Structures are given as structure tokens and as C-alpha cells.
Amino acid sequence: MIILTQPISKSELSELAKTYFGDMVKGVADVDKGLVSLDAELHSDLEAMLLDQGMISHPSLHADGRWAAMSFAQQMGNIGSEVSRACKWKEKHRPEMMEKAFYRGLELLDLTIALSHGSRLRELLRAREVMCDFFAGDNVYQSTTRQMKQYYDIFAFMK
């Protein structure tokens, strides 16, 4: 996987294509910062690389802007992506990377909490408590990586 900050030639791009698919290269771009990451099997790996290196974040999402326009399932799916990244880094014993993904997930969860009320708010506040306990606390709820991922994965199948 590579991060581009300037254009590359067609021949360089063709060489990258040989790695995974032969005739195509997957990429993720941050248009605002002029960054592109290329050359991975999954788009999510490329996005994770930019996020984990602090090259992109979620500053353009606000409770009254783009985030509010998303469905609850989309919001939770995005939170789940960060939780999955944090779990991956926790399993690989990379606390600095886990912490970055955890804080990004927490930021997104807080945006969703700001838009919520009633029983949904109670559930989200409990999810926040469990998330903080698992990644930054003593894990008094004895949560597992599998449970953390399962909770958010269900939202990937909702509309």
C-alpha cells in the first residue's frame, strides 16, 4: 500500500495493478488534503491506512451536517468500522494504533449521541460506556473483540 501526494505515471499505475488484480488498482482519496492511497486488496485497508496514520479524520462531519444526513444504520456502520480497526490493532498489540481508531470511533459515536433521544439514546450511552471500558478501561464488562465487532456488524445489513 502506498500514499500518493503527487501524480504517478500510467506505467507506475500498471505495475501496481499487477499486485492484486492485474488490470485495476483500488484506491481511496481525501480530496480536501490531496491524498490518495493505492494498492490493497480492500478499500477499507486503504482507508484504514490513511486514518491510522492520522492523514485523514472526521473533522468535516458535524452533528448538524453530513453526519445528520446519514441514516442511523449508516452512522453505526461507520462507527463499527472504527471499532473493527481498534479491535484489529488491539489483537496485534499495537496500542498507539488502537487508541487512534478508538478515539475516531468515539468521536463518531458522540455525534450520533448528540442526535439521539429516548431509548436509542440510552442504548448509545451504554454502547459508549462498554466501548470505553473495553478499549481504555479495565474491561469490567468482560467484553471480547468478537462481541464488540458483532454489535456493530449488524448495522452493515440495515438500510
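The model is predicted, so local features need pLDDT of at least 70 and side-chain atom pairs count only at pLDDT 80 or more, while totals for chains, interfaces and linings use all residues. Residues are numbered from 1 along each chain as its sequence is written, and side-chain values use heavy atoms, leaving out hydrogens and water.

**Helix α4 against helix α6**
- The axes of α4 (residues 72-91) and α6 (residues 118-136) come within 12 Å and cross at roughly 10°; helices here are DSSP runs (H or I, at least four residues), and axes are lines fitted to C-alpha atoms over the stretch in contact, with angles from 0 to 180 degrees between N-to-C directions.
- That makes α4 and α6 roughly parallel (angles under 35 degrees).
- On the α4 side, the contacts (heavy atoms within 4.5 Å) include Phe72, Met76 and Val83, and on the α6 side Leu124, Met131 and Phe134 are among them.

**Salt bridges**
- There are six in the structure, each a side-chain nitrogen of Lys or Arg within 4 Å of a carboxyl oxygen of Asp or Glu.
- Arg85 and Glu82 pair up at 3.2 Å, N to O, and sit three residues apart in α4, about one turn of the helix.
- Arg85 is buried at 7% relative accessibility, and Glu82 is buried at 2% (buried is under 20% relative accessible area, exposed over 50%, partly exposed in between, with a 1.4 Å probe and protein chains only).
- Glu82 and Arg85 also join Arg104 in a salt-bridge network.
- Glu15 bridges to Lys18 at 2.9 Å between the closest N and O atoms; Glu15 is partly exposed at 48%, and Lys18 is exposed at 55%.

Note on methods:
Helices (H or I, at least four residues) and strands (E, at least two) are DSSP runs, numbered from the N terminus. Angles under 35 degrees count as roughly parallel, over 145 as roughly antiparallel, 65 to 115 as roughly perpendicular and the rest as oblique.
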